[in-house]
Amino acid sequence: MNPTSTAQAAAAQSAAAHAPAAGPTAAAQVLPPPPLLSARGLSRRFGPGCDLCIELTGDAGATSRCPACGTVVAVHDVSFDVGAGEVLGIVGESGSGKTTLLSLLHLDTPADAGSMVVDGYGDLLRSRTSDAELRRSAVVMVHQNSLAAGLAPRLAAESNVAERLLRTGCRSFAEARARSQDLLAELGIHPSRHTDPLETFSGGMAQRVQLARALVNPPRVLLLDEPTTGLDPSVQADLLESVQRVTDRLGSATVVVSHDLEVIRILADRVLVIHFGRVVEDGIPEQVFDDPQHPYTQLLVASRLR
Amino acid sequence: MSDAPTVASLAAEHGQSEAYAYLDERTKRNVRRALLKALAIPGWQIPFDSREMPVARGWGSGGLQVTLSLVGPTDTVKVIDQGDDSSANASSMRSLISRTSGCAETTVTEEATIIQSRHRIPEIPLRGDQVLVLQVPHPEPLRRVVTNDAVALEHHAERDYTPAWLDLYDDEARHGAPRTGADYPVLVEGTTLMSPSPIPRYDVLRLGNRPHATLLGAGRRARVAALPPFTSVEPLVFDDRPLLAESAAEPCIRCGSIDSYRVQSGGRYQLAAEAGNGPWCCSDVDACRTRRNDP
Amino acid sequence: MTAVLTATGVEKSFGPERTVLDGIDIALLPGQLTVVHGARDAGRSTLLRCLTGGYRPDAGHVVLERAAGSVDLAAADPRTLAWVRKHHIRDFAGPLAAPPSQDAASAAARSAALERETAVAGLRRLGVAELAEVPLGRLRRTARRAVALTAALLSQAAVVVLDEPDTAADPERVLDWISELRAGGTAVLAAPSDAHPFIARASASAILTEGKIQWTTQ
């Protein structure tokens, strides 16, 4: 390791200058910090349920619907951890249960079993604070359909962003306005559109408004539901950049659901593959997409258009 | 005072154990209890058993029930409609009240003990021994932004008025100013949102910190609300966008006042000053007369 | 000197007929360049991926040893793997997974968790400065690989693993940069396409053949 020339010595010096500071920092740890979001055993079924439901559904039965009692086991025993600033991708086709899983995470649907612990809030599924308040502060979802996200279509785009500020007590119009417009501009929405009603925005633009809203009061958990589905390809790429910017800034635990493997590969640090409501594969994108172990994952990967 | 009739003596005279001033005893108790609750929670809408009144719903049946539950034979009642004592509705209601209760009537603000009003607050300063009763067609301040009553109640319960703030923000952003003219929502004691009834902005700015009680009756929606004396009432506005009173182009043609609330004559039931094309006059007739007699 | 990454008994098969790695032992030391070469389909990429956590080995251990502790990548949960691959082990195995509208410098900067200017300087260093402003989607595959290689070399990881870096950029520039990384204490593992220039500068080199490692220089 002895430098043999002055050039190498200089190089070593500049390398040392760029090297992380001596002493233990977070990045120097070999293990990740405790997760921000910790889900264990999430389960949800629709129907009366019977003793055979779990046995007869899933891979074994190749169905989500119990042949004995007709109950649909939408989600069964899903567990995962997501740390601050990390992105978990969830891949599954229609009917896989990924939509129900998102509903559970967004507290729209009650879980039959399981826990969802968010740092600083405890188990959201058992919390006594009213759901609406929790949803506002802890978990924010960016919907495919902006109306479902609780946006007001007749109000201006900037009003929809300002709502977050008003909700937390901002009483200065100038301040609320400045922040809303700044955030919209950051997400690439031109000032000339800020006062246009949200219903005049295209799908991709409306999603950006949702992202801008999320930036106002950074939630602990950010959920993205099929962010690029239905958008034109050029718009998709831009939106992905916006999503990355937002996730980088927020430091939230982000969960992205998509059936588009490329979107997941771009956005996610880790991937869960959901099939018949169960997790069939859990790994980093390289593993899941390049070396899939489960037959269903292999099928998904093989089916990509290239 | 021994000559003055009492409720009991009047009732006894007529061989009635109940029913004074048109309302039956049970209704009066119901309204009075509701009013007590309303005074205990300033600005909060309290439901009551609204009765059929000889006034169409939406035309003051609530205010009338409030007045009729309070009035006694020693009271003097004034009724105004947009500041005018002589409108058909105001006159009719005043007659009904005085005939059924045996109280005195007046058009002179200073003489009244109870003043029932639609769309205005008298400009003559009221005293602590007077009571102001306002007629309210739509008591729910959130009605334009929250369509569902149950949801509106939740918002009130949590004192979460974000929908109202949002609507205000949108108006300011897209139109430069709030669109609400009359019935501008107010925050009572800084916490509870209330509809002050369709009084002009000029009067909204005068609602707070009065020496007397202000009672608001909504008959069609069967609710009352109340402002005890010296209650803080502020319009719902951003800190940097204060509410401005309406302005009139000219002084009153009768008394010459430049700071009264003036309307252009020729538009009888208009609150906004741009209706009608006639000369500008004070809307509060008695105040205008007072100024003329005592400049 | 303690090895920073030690692989023992690593096995990997794709299906019952295709055993690619049949018990591999490798240790990477700080400041050293280890070169693995061999025939085209010998499985060098597979080996590199098993060593960086990109593939999960069927058997064996891949232990990362740092001051703060040690982790066996072969047995680690995915979250730990993602963390290690972000902070301790960096690999170059193909183009970056990034939005096609993102320009090369921004994509490299984000991947390496550095400022954009640093990424621009890095691209210049590899002789591909002209790529900096171009959206990734417009670049041909070789150019996109150059961007990914830049990101891997810029990162300040303790272990840098490079799969065919000489087909992504000028080998001399790559070797130059590797020297600097070594001087800073980084352990570098490379599987070049043309092994000779790399073997000349390597601390150790090995051939991967028939699923096994044979050290040629050490």
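**Close-up views of a predicted model**

**View 1. Chain A as a whole.** Chain A has 11 helices and 10 strands (DSSP runs numbered from the N terminus: H or I of at least four residues for helices, E of at least two for strands). This is a predicted model, where local features need pLDDT of at least 70 and side-chain atom pairs pLDDT 80 or more, while totals for chains, interfaces and linings use all residues. Residues are numbered from 1 along each chain as its sequence is written, chains are lettered from A and ligands numbered from 1 in the order written, and side-chain values use heavy atoms, without hydrogens and water. Of the 306 residues in chain A, 52% are buried (under 20% relative accessible area; exposed is over 50%, partly exposed in between; 1.4 Å probe, protein chains only).

**View 2. How the chains meet.** Two pairs of chains are in contact, and chains A and C share the most contacts (heavy atoms within 4.5 Å). No contact joins chain B and chain C. Their closest C-alpha atoms lie 33 Å apart.

View 3. C:Val35 lies in strand 3 of chain C, residues 33-37. C:Val35 counts as buried because its relative accessibility is 0%. C:Thr209 is 174 residues away along the chain, yet 14 Å separates its C-alpha atom from that of C:Val35.

**View 4. B:Arg26 on its helix.** B:Arg26 lies in helix 2 of chain B, residues 25-40. B:Arg26 counts as exposed because its relative accessibility is 64%.
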